[in-house]
Amino acid sequence: MAITAQDVNKLRQMTGAGMMDCKKALQEADGDFDKAVDILRKQGQKVAAKRADNAVSEGTVVVAISADGTNGKLIAFACETEPVSNVEDFKNLAQSILDKAVADNIADKDALLSATLSDGRPVSEHIVDLVGKLGEKLEITAYENVTADKVVPYIHSNGKLGVLVAFEGVNGTDVAELGKDVAMQIAAMKPIALDKDEVDSATVEREIEVGKEQARAEGKPEAMLEKIAQGKLQKFYKDNTLLNQEFVKDSSLTIRQLLEKTAKGLTVKSFKRVAIGA
């Protein structure tokens with residue numbers, strides 16, 4: 001049957017796919033719109049399978065904070081190239097996914113992917129459909145859901161790095177400015193844990209062994225290696241755990257001291273740092 005421009009435009013409005021893709025799908029489906037939609041979806045599946053191993057180093061990080069400031073949600077939605085990250089359909093889907101996460105208070109990434117959007121189809125299918133339209137691998141690389149006395153967000157200027165800082169012991173203290181400072185510290189300094197006791201044992205053992213090898217290479221006596229390695233481990237904690245890091249705006253204070261100076265009992269419960277392409 002003859003495929004009219006109106007038919008092509010109707011399918012395009014239904015699916016968001018390109019004009020030529022819509023025309024080919026309608027021709028293959030003999031003008032049946034439902035079949036044409038299925039063809040376009042299968043096209044997305046084929047593209048997704050073909051590009052499954054491709055790296056996703058561009059994209060956008062989006063954040064939402066509850067009205068009372070006690071909950072924060074952070075999503076990293078990634079793609080292969082910068083131009084795709086600026087496409088409206090890509091941005092709109094990222095926002096729709098975030099809106100769904102907020103509306104249903106979704107717990108984790110798996111639940112987010114299976115959550116249904118307004119048309120009743122899961123997030124995962126919407127992503128595959130957009131893969132077919134944009135021709136690139138798309139992926140939710142991270143989803144964080146944090147609750148505390150007060151959650152403060154930060155999105156870096158490149159839109160590809162985001163932080164959530166969860167504060168406890170706020171007791172009426174305005175932590176907006178402090179929270180931004182701490183979040184920017186996390187963004188820049190990349191702490192691997194909140195405090196010493198949260199560093200996993202494998203990392204601790206590796207740092208001790210590295211410290212011993214460095215000391216041995218410097219010709220230090222074997223009997224002193226353990227003590228030297230322990231000293232290096234303390235330096236590692238200072239550089240890599242948030243509460244023990246020097247505050248970048250005032251090196252006379254650690255983050256722990258900054259919090260204590262701001263308000264008695266104020267502390268960071270947890271933090272999340274999410275980055276695309278890093």
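**Entry 1**

I began with S4 and strand S5 (residues 161-168), which run antiparallel and are joined by 6 bridges. The model is a predicted one: local features need pLDDT of at least 70, side-chain atom pairs count only at pLDDT 80 or more, and totals for chains, interfaces and linings use all residues. Residues are numbered from 1 along each chain as its sequence is written, and side-chain values use heavy atoms, with hydrogens and water left out.

I noted the terms. Strands (E, at least two residues) and helices (H or I, at least four) are DSSP runs, numbered from the N terminus. Two strands pair if DSSP finds at least two bridges between them.

For angles, axes are lines fitted to C-alpha atoms, for helices over the stretch in contact, and values run from 0 to 180 degrees between N-to-C directions.

**Entry 1: strands S1, S2 and S3**

I turned to another open sheet of 3 strands, in the order S1-S2-S3, with antiparallel pairing. Its edge strands are strand S1 (58-65) and strand S3 (139-147), each pairing on one side only. The twist averages 10° from one strand to the next.

S1 and strand S2 (residues 71-79) pair in the antiparallel sense over 8 bridges. Within that pair, I saw valine 61 opposite alanine 76 in S2. Helix H5 (residues 88-104) packs on the sheet and touches S1, S2 and S3. The direction of H5 makes about 150° with that of S2.

**Entry 2: H8 against H11**

I went back to H8. At what angle do H8 and helix H11 (residues 255-262) pack? The angle is about 175°, and the axes are 12 Å apart. H8 and H11 are therefore roughly antiparallel to each other (under 35 degrees counts as roughly parallel, over 145 as roughly antiparallel, 65 to 115 as roughly perpendicular, the rest as oblique).

I listed the residues in contact (heavy atoms within 4.5 Å). Leu178, Val182 and Gln185 in H8 meet Ile255, Leu258, Leu259 and Thr262 in H11.

**Entry 3: alanine 223**

I looked for alanine 223 and found it in the loop between helix H9 (201-217) and helix H10 (225-240). Is alanine 223 buried or exposed? Its relative accessibility is 77%, so alanine 223 counts as exposed. The cut-offs are under 20% relative accessible area for buried and over 50% for exposed, with partly exposed in between (1.4 Å probe, protein chains only).

I also checked alanine 223 against glutamate 139. The two are 84 residues apart in sequence and 51 Å apart in space, C-alpha to C-alpha.

**Entry 4: the whole chain**

The chain has 11 helices and 8 strands. Its radius of gyration is 25 Å, well over the 19 Å that the globule rule gives for 278 residues, so the chain is more spread out than a compact globule. That radius is taken over C-alpha atoms, and the rule is 2.2 Å times the number of residues to the power 0.38. The C-alpha trace spans about 85 × 50 × 30 Å along its principal axes. Of the 278 residues, 43% count as buried.
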